[in-house]
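Subject: Handover of the two-chain model

Hello,

Here is the structure I said I would pass on. My notes on it follow below the entry.

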Amino acid sequence: MRHLRQLEDQSVYIFREAYKHFDNLGMLWSMGKDSTVLLWLARKAFFGHVPFPLLHVDTSYKIPAMIEYRDRLAREWRLNLVVGQNKKALAEGMNHEKGRVECCTALKTNGLKLLLEEKGYTGIILGVRADEESTRAKERYFSPRDKNNDWDFRDQPPELWDQFKTSFPPNTHIRIHPLLDWTEINIWEYIKLENIPFLDLYLNRGDGTRYRSLGCAPCTFPIKSTASTVDEIIEELRATNVAERSGRAQDEGRGMELLRKDGYM
Amino acid sequence: MATCKTDTPATVDVRDRMNIVIVGSVDHGKSTLLGRLYADTGTLPEGKVEKIQAICTQQGKEFEYAFLFDAFLEEQQQGVTIDTARTFFQWAGRQYIIIDAPGHKEFLKNMVSGAARAEAALLLIDALEGVRDQSKRHGLLLSMLGVKQVTVVVNKMDLVDYRQETFALIEKEYRAFLSQLDVTPRFVIPASAKRGDNIATPSPHMPWHTGPTVLESLAEFMSESEKAEQPLRFPLQDVYKFDARRILTGRVTSGRLNVGDQLIFSPSNKSAVVQTLEAFNVEPPPTQAQAGQSVGITLDEQIFVERGEILSHEGSLPLVSTTFRANLFWLGRRPLDMETPYLVRLATHEVECRVAAIHRIVDADNLSLDRQQTNAVVKRNEVADVTIQAKAPLAFDLYTDFETTGRFVLVDDYDVSGGGIITEMVPDREETLRIEARQRDFAWVKGDVTLADRAKHYGHRAALVLLIGPDTTGKTFLAKKVESMLVAEGRHVYMLDPENLRRGLDADLQEGDARETIRRYGEVARLLIDTGVLLISTTNSFNPSTGLRAGLPADQVVEAIRTLVHPAPVLTVYMSQETAPPPIEADLSFTGPEDFTRTAHDVLAALKQKGILAETIGNQPVFQFSI
């Protein structure tokens, strides 16, 4: 419990630094457990308010229950929801059968780029965690992207104590990562501690499977699991050695490094 | 592959968490140690080792544990860690984030970024190579970054046939070095990460080592809790008004604060009482906060305060000055010099500064020797003893007293380019007046009407407009004009000519006592400003050229007055007959104005732009700033 409050304090501090320094701030929300914890932490930081828009890059292939959940919370928590979509790629028939990395690039990376271009956001808050996969382990809390959205991981700015990179040249933007120090187990422990509403796709609903990570329906696969409560999920995760994103097809090979260098989340 | 997977230590409930950094010279085996630690505690994802092994076989190279964490293609190809990686594992009830910091000199900024997040460090030394420059540099940086808990691992003992004498020599040399930094290593452990000796299990090859394994040594690092026992420091981060509440936010960096506490804001010297602690989804609301917590408070009165101030109790105030001495490490792309303006960021305060002096470059190899320094720059990756002078006073502490408010970073262009720890406060010219103002403000007896109340009533904040420049340039004429125009609008304005003090308040003064004349003027101005008035004044009486008394240069006059009326806003207007740029920095400057009405309008516009004048006055003044 104390460790969760320490994580919360750091994330809240990062949120408040972001809000202070960026005039045009947006936060990505995929309705997954991580970005929903992120949303909850924003409400913590701003005392029940979320003073910036929530951005959802809709690939059109999301599981329908995710969209229902998104619209319900947006209503109940009075969120400013902005949905973006790469309509051109979808009209041209982009889907995962054309290649998983190609599909992710077109519908997610480029979908996000289009949204950023249209709205001119200079700071984007994301729920990526260092323990998810190895390129994210090397991220900064405040991570600059150039005008093409590229991540220059060879030359990242120093990040000393709690002094973050909050100034940047025109036409570039900063990715802000308040959840970097959280693990998958911490996320579930916090959901339990704060009683945060989450999608029941994460639970075994009787068929012996559950989703451990949520994404597009064609590329996200449930795992075998009997966990039907948050406590059981935590217990299951403590015992497992299987990577969290093993059900995410785009992570195969060098997929993630290539995707993230070009601006993937 | 050896594993000693047991089910208890990794799965028990977490009681705390700790960030640990692994540092050491390049090729001394940091990533290998990390890989071995994870493999031997059964914390790696299933199939990860096999997957990397398969890639190695395919590429025809020997498997190395380091490949588990060197994520980037270039890191694996070159066999070096480029950037710091956070990795996680849980052991014996504690959640660890282990930060693998690159050892290569070129990536020192990444090493520093990693170490700055850590509470404790494992410092690796290669048994074959012994203590290197980089080992010393890392030791120095760790002590500057505030990482006081260090365990030294003498790695690659297998390459020296596990000889105790080799280990003992390295231990002796490095302990002697660390002692100069006042660092005592928790343990010095002989190990071989590659072979698994003394990492997770005791080594059969080194029975002479009676201390812990690396894994066991982690449990001996203490979580920081003593910060709560120090005096309160609470740097103000932001002020929110999303609803009826006006909430001041920030992170308590040391000590505790309670509902009902009287808090002092530095450097503004304002004070107020904590009315509530605000929190979302916390029932009942908290009544106390302590070091480490991000909190929100409301106050018993609506005072003007800004991000950057440090809140404390009156019994233990931070230092205030424009100038301090510090040990600084520089990571910038271009060298640090004494001409370039930088931004100093100290806790949440950000202000422009210059380097006033570079005293010496600290040589990591020989800490006690001053290196003769003739060039006036600090190059990338160097550590230097410097004096920093900021454009405005800021509140801070000495690093030895308070960690977070005793350190700062310098921003060059867009980048955080260096960091430093404050070793000494340097009193500046305004020191005496600043102490006077501080003591006067703390003892000030306040009525029930606040400055904010007065601002709402009069339609402007209390402020001072100072007209500066040579004699006979129309300053008095302009002052009268501005006063008349503002009074016509219904504002509360007063023109105070310093001459008016001369035969009365200053009657006992010698003609040459310029500083005392200015001090008295400043105190009168401060009094009038407390009534909520917008004060307009010329400074002719303080000009050296004015025959009757010796004056002071204009910039010193302005700084002295600013210090005494602080934190009321001061607008400086420079007037002259010359077209040359003013010799002193001013908010506005005019050259021999012919149309004084237009000039007066310019002054009014600047007052609005600075948020001193509200758009309208009366019951509902509209301010361009939040009250």
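What percentage of the 265 residues in chain A is made up of buried residues? The answer is 50%. Please keep in mind throughout that this is a predicted model, and that the values below are computed from it.

Chain A

Chain A contains 8 helices and 8 strands. Along the principal axes, its C-alpha atoms fill a box of roughly 50 × 50 × 40 Å. The radius of gyration of chain A is 18 Å, which agrees with the value near 18 Å that a compact globule of 265 residues would have. As for contacts in chain A between residues at least 6 apart in sequence, 76% of them join residues at least 24 apart.

Across the boundary, 28 residues of domain 1 of chain A are in contact with 23 residues of domain 2 of chain A. On the domain 1 side, at least two residues each are supplied by helices H1 (2-21), H2 (33-45), H3 (64-76), H5 (100-119) and H8 (255-261) of chain A. H2(A) gives the largest share of that side, with 5 residues. By class, the domain 1 side has 14 nonpolar, 6 polar and 8 charged residues.

Met31(A) has a phi near 75°, a positive value in a residue other than glycine. Met31(A) sits in the loop between strand E1 (25-28) and H2 of chain A. Is Met31(A) buried or exposed? Met31(A) counts as buried, because 23 C-beta neighbours lie inside 10 Å.

Chain B

For chain B the domain assignment gives four entries: domain 1 (8-218), domain 2 (227-312), domain 3 (319-428) and domain 4 (434-609). The C-alpha centres of domain 2 and domain 4 of chain B are separated by 33 Å. Contact between these two involves 6 residues of domain 2 of chain B and 9 residues of domain 4 of chain B. The domain 2 side of that contact consists of 2 nonpolar, 3 polar and 1 charged residues.

Two packed helices are described by the angle between their axes and the distance between the axes. For helix H11 (residues 475-488) and helix H14 (residues 596-609) of chain B, the axes come within 9 Å and cross at roughly 65°. The crossing of H11(B) with H14(B) is right-handed. From H11(B), the residues that meet H14(B) are Phe477(B), Leu478(B), Lys481(B), Val482(B) and Met485(B). Their counterparts in H14(B) are Phe596(B), Thr597(B), Thr599(B), Ala600(B), Val603(B) and Leu604(B). Sorted by class, this helix contact has 8 nonpolar, 2 polar and 1 charged residues.

Backbone points in chain B

Most residues other than glycine have a negative phi, and most peptide bonds are trans. The following entries are listed with that in mind.

- The peptide bond from Ser266(B) to Pro267(B) is cis, with omega near 10°. Pro267(B) is in the loop between strand E10 (262-266) and strand E11 (271-278) of chain B.
- The peptide bond from Glu283(B) to Pro284(B) is also cis, with omega near -10°. Pro284(B) belongs to the loop between E11 and strand E12 (288-290) of chain B.
- Tyr162(B), a residue other than glycine, has a positive phi near 55°. Tyr162(B) lies in the loop between strand E5 (149-155) and helix H7 (164-180) of chain B, and with 21 C-beta neighbours inside 10 Å it counts as buried.

Gly196(B) is a further loop residue, found between strand E6 (188-190) and helix H8 (214-218) of chain B. Gly196(B) counts as buried, because it has 21 C-beta neighbours inside 10 Å. Its C-alpha atom is 9.9 Å from that of Ala39(B), a residue 157 positions away along the chain.

Between the chains

How many residues of chain B are in contact with chain A? There are 49, and they touch 45 residues of chain A. On the chain B side, helix H5 (residues 108-116) of chain B provides the largest share, 5 residues. That side has 22 nonpolar, 14 polar and 13 charged residues.

Regards

Conventions: Residues numbered from 1 in each chain as written. Chains lettered and ligands numbered in written order. Predicted model: local features only at pLDDT ≥ 70, side-chain atom pairs only at ≥ 80, totals over all residues. Contact = placed C-beta atoms within 7 Å. Helix = DSSP H or I, 4+ residues; strand = E, 2+ residues; numbered from the N terminus. Nonpolar A, V, L, I, M, F, W, Y, C, P; charged D, E, K, R; others polar. Domains from an automatic or database assignment. Rg over C-alpha atoms; globule rule 2.2 N^0.38 Å. Buried ≥ 20, exposed ≤ 12 C-beta atoms within 10 Å, placed from the backbone. Axes fitted to C-alpha atoms, helices over the stretch in contact; angles between N-to-C directions. Left-handed = near helix turned anticlockwise from the far one by under 90°.
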